[in-house]
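Visitor: Please take a close look at one part of this protein, the nonpolar core and the rings around it. Plain words will do.

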Amino acid sequence: MKKYIVPVGSWLLLFHLPASHAAPASKPNIIVILADDLGYGDVSCQGFSKDLRTPHIDKILNEGIRFTNFHANCPVSSPSRAALLTGRFPDMVGVPGVIRTTKEDNWGYLSQEAVLLPQVLKSNGYHSAIVGKWHLGLKSPNTPCERGFDYFHGFLGDMMDDYYTHLRQNNNYMRENDRLINPEGHATELFTDWAIRYVNERKEQHTPFFLYLAYNAPHVPLQPPGEWLDKIKKREQGIDENRAKLVALIEHMDYHIGRVYQALELNGQLENTLIIFTSDNGGQKNVGANNGPLRGAKGEMYEGGIKVAGGAYWKGTILPAVNNNMVMLSDIYPTLCELAGAKISHTIDGISILPLLEGKSQITDDRTVFWVRREGGLQYGGLSYYAARYKDCKIVRNTPWEPVQYFNMATDPAEERPLPNRSDDTYRHLFRTLMEHIRLAGAIPWQKQDE
């Protein structure tokens, strides 16, 4: 028998794992499932939404390791996706804000110097695919297959104006590799079909795969299939219209995640596949998202904008646990590289949390982490706003015009009582390291002008 110590909050639980489970197969398949704008409380196993049922996501998080202190690297989409795929703070790879179609409203350009996860995994024999939302570039050279993926079937842009037409500002960004396509159907269903087709094809291959399955759901527009909306309204009498649509969109996505799980099971791939599930940022509160007890929402540097549901499942290898370690999207990169035996020879900001997946104790908060977003409009004026954290101490500047606030997250997790004392060593450390981070990020170009 092999012993595992799993940290759960402030407790350590000792598990015994049979020797037959102690040595997982080398080079497992990897699937990273990323939801879009999913609120921290909008997964039923979190315990905050009584009007919502997500049994398939719950299975991943309950039967694997569920992280209760998981953070996206930004309160909006493009930067978080850049962090996931590069292991870096997003402004260090040219993505301080959202990449958009309109030049005047575009706040990022993925650096050509950035080394993406599929490039590193490929060096150790992995075939890599992205199905779904890319959002890191609309044209060459920043398309998925030019940045390391072997296969792409999905949407280049930021959001769809319609889940059925798939258009964004009358642009068709749907592609299979570099080929323009015009498929019919709801985007969630299409992405699932394409993901299942991919894992089915890989069944016959002798090399491991990495699948990045990035859903648009439950991002606005709130457009679930009609029968799913009808089901929610019938079940949840008196539910708010927007909330009903959002719940239906989330449950619809959950059902299709279950289809991917079932395909792995039928193919005999499940026991050798690590599945990670999380979101790119918190939920959009003004359309009905539930971020649990957290202050703030999508777009904000308070926890409601950056703290997300997250976890990892590997049947027969990862023991069920609830874990309160500080974990970030950018940690996925080094974790998967270590798991795959792929060496990283360049600078990254994330840390491998493979020990946590193995049931071991690990300190993950003895580091300073940063959040940045640059944005336009009257609220932001083309400027950036920030947060930084070390252990339980956090500073927040939630718009470019606001003063910095200082919080102790251990005693004030709702961020309701800013600390008046700015003279202690931790505050000075956070302020100075954030200033240095801003200085370093200033050397990274993100304004790419068309020739």
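Guide: What follows goes through the cores, then the aromatic rings, then the charges over rings. The model is a predicted one. In soluble globular proteins, nonpolar side chains tend to be buried together. Here the largest nonpolar core counts 107 residues. Phe191, Phe210, Leu211 and Tyr212 have the most contacts inside this core. Helix H6, residues 241-267, supplies the largest share of the core, with twelve residues. Leu211 shows what such contacts look like: leaving aside residues up to four places away in sequence, Leu211 touches Ile30, Ile31, Val32, Ala129, Val131, Ala195, Tyr198 and Val199.

Now the rings. Phe210 and Tyr212 belong to one aromatic cluster together with Trp134 and Phe149. In total, the structure has 17 aromatic pairs. A pair of aromatic rings is described by the distance of the centres and the angle of the planes. For Tyr40 and Phe48, the ring centres are 6.1 Å apart and the planes stand at 35 degrees, so this pair is tilted. Stacked would require planes under 30 degrees apart, and edge-to-face over 60. Tyr40 is buried, at 6% relative accessible area, while Phe48 is partly exposed, at 36%.

The charged end of Arg373 sits over the ring of Tyr380, at 5.1 Å from the ring centre. Lys394 lies over the face of Trp371, 6.0 Å from the centre of that ring.

Conventions
Residues are numbered from 1 along each chain as its sequence is written. This is a predicted model: local features need pLDDT of at least 70, side-chain atom pairs count only at pLDDT 80 or more; totals for chains, interfaces and linings use all residues. Side-chain values use heavy atoms; hydrogens and water are left out. A nonpolar core is a set of buried Ala, Val, Leu, Ile, Met, Phe, Trp, Tyr and Cys residues joined through side-chain atoms within 4.5 Å. Buried means under 20% relative accessible area, exposed over 50%, partly exposed in between (1.4 Å probe, protein chains only). Helices (H or I, at least four residues) and strands (E, at least two) are DSSP runs, numbered from the N terminus. Contact means heavy atoms within 4.5 Å. Rings of Phe, Tyr and Trp (its six-membered ring) pair if their centres lie within 6.5 Å; planes under 30 degrees apart count as stacked, over 60 as edge-to-face and the rest as tilted. A charge sits over a ring if NZ of Lys or CZ of Arg is within 6 Å of the ring centre and within 35 degrees of the ring normal.
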